[in-house]
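These are my notebook entries on a structure that I looked up. I recorded each point in the order in which I came to it.

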Amino acid sequence: MSFASSRRLTTDGAKLMLKAAIAKAEAIGIPVTVAIVDGGGHMLVLERMDGGRFHTVHSSTTKAVASNMRPTTTKGAQGQDLDTLHAIGLSLAAGTDRWTAMEGGFPIMIEGECAGGIGVSGGDWQQDQDVATAAVDAVGATTM
């Protein structure tokens, strides 16, 4: 077989996710930055809420790109705990824009295919994850 069909996240879908993410962040009471990328890691939408810190733009973008096929986490590819030096080493080896141990990045999975990624930065790790999953839920996708 020379070709395969695939699912892709549309700009309208990304905007719907962004709206849900911002609503969740407002409900929690935190200013976040939300980055949503397509399956190739290319930016679809990015928003830094009023009051969001400047560094959250880069960290949310990295989380979105790095979430290809699995959530961003402090665990390694086999689910093992990583010490700080190992996590830094992986980031340097993969590229600091392609791997991060910071939680808050998830793949956008639809029917078993990764259609994109979302990264949220600005809250603590649980708040970032809650905002991201609210956005994924808004389009009927999953994070695994």
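**Entry 1: Ala-138**

I located Ala-138 in helix α4; helices (H or I, at least four residues) and strands (E, at least two) are DSSP runs, numbered from the N terminus. Ala-138 counts as partly exposed, at 36% relative accessibility. The classes I use are buried for under 20% relative accessible area, exposed for over 50%, and partly exposed in between, with a 1.4 Å probe and protein chains only. The model is a predicted one, in which local features need pLDDT of at least 70 and side-chain atom pairs count only at pLDDT 80 or more, while totals for chains, interfaces and linings use all residues. Residues are numbered from 1 along each chain as its sequence is written, and side-chain values use heavy atoms, with hydrogens and water left out.

I next asked which residues Ala-138 touches, not counting residues up to four places away in sequence. They are Leu-16 and Ala-20, where contact means heavy atoms within 4.5 Å. I also noted that the C-alpha atoms of Ala-138 and Lys-19 are 9.0 Å apart in space, although the two are 119 residues apart in sequence.

**Entry 2: Asp-128**

I stayed in helix α4, where Asp-128 is also found. Is Asp-128 buried or exposed? Asp-128 is buried, with a relative accessible area of 3%.

I then found that Asp-128 forms a salt bridge with Lys-63, with 3.1 Å between the closest N and O atoms. Asp-128 belongs to helix α4 (residues 125–138) and Lys-63 to helix α2 (residues 56–66), so the pair ties together parts that are 65 residues apart in sequence. A salt bridge is defined as a side-chain nitrogen of Lys or Arg within 4 Å of a carboxyl oxygen of Asp or Glu. Lys-63 is buried, as Asp-128 is.

The side chain of Asp-128 has a polar atom 3.4 Å from the backbone nitrogen of Gly-122. I applied this rule for a polar contact: a pair of N or O atoms within 3.5 Å; within protein, one must be able to donate a hydrogen and the other to accept it, and residues adjacent in sequence count only if both atoms are side-chain atoms. Beyond four places in sequence, the residues that Asp-128 touches include Val-32, Glu-103 and Val-120.

**Entry 3: helix α2 and Ser-60**

I turned to the helix that holds Lys-63. In α2, 8 of the 11 residues are buried, so the helix is largely enclosed by the rest of the structure. Among the buried residues are Thr-56, Ser-59 and Val-65. I listed what the buried residues of α2 pack against: β1, β2, β3, β4 and α4.

Ser-60, which I placed in α2, is buried with a relative accessible area of 0%. A polar atom of the side chain of Ser-60 lies 3.2 Å from the backbone oxygen of Val-57. Leaving aside neighbours within four places in sequence, I recorded the contacts of Ser-60 as Thr-33, Val-34, Ala-35, Leu-46, Gly-119, Val-120 and Ser-121.

How many residues of strand β1 (residues 33–38) are buried? I found that 5 of its 6 residues are.

Strand β1 pairs with strand β2 (residues 43–48) in the antiparallel sense over 5 bridges; two strands pair if DSSP finds at least two bridges between them. Arg-48 in β2 is the bridge partner of Thr-33. I noted that β1 and β2 form a hairpin with 4 residues between them, and that Gly-41 in the turn has a positive phi of about 85 degrees.

Strand β1 is also joined to strand β4 (residues 113–121), by 6 bridges, and these two run antiparallel. Val-37 stands opposite Gly-117 in β4.

**Entry 4: the other salt bridge**

I counted 2 salt bridges in the structure. Glu-111 is exposed, with a relative accessible area of 65%, whereas Arg-7 counts as partly exposed at 40% relative accessibility.
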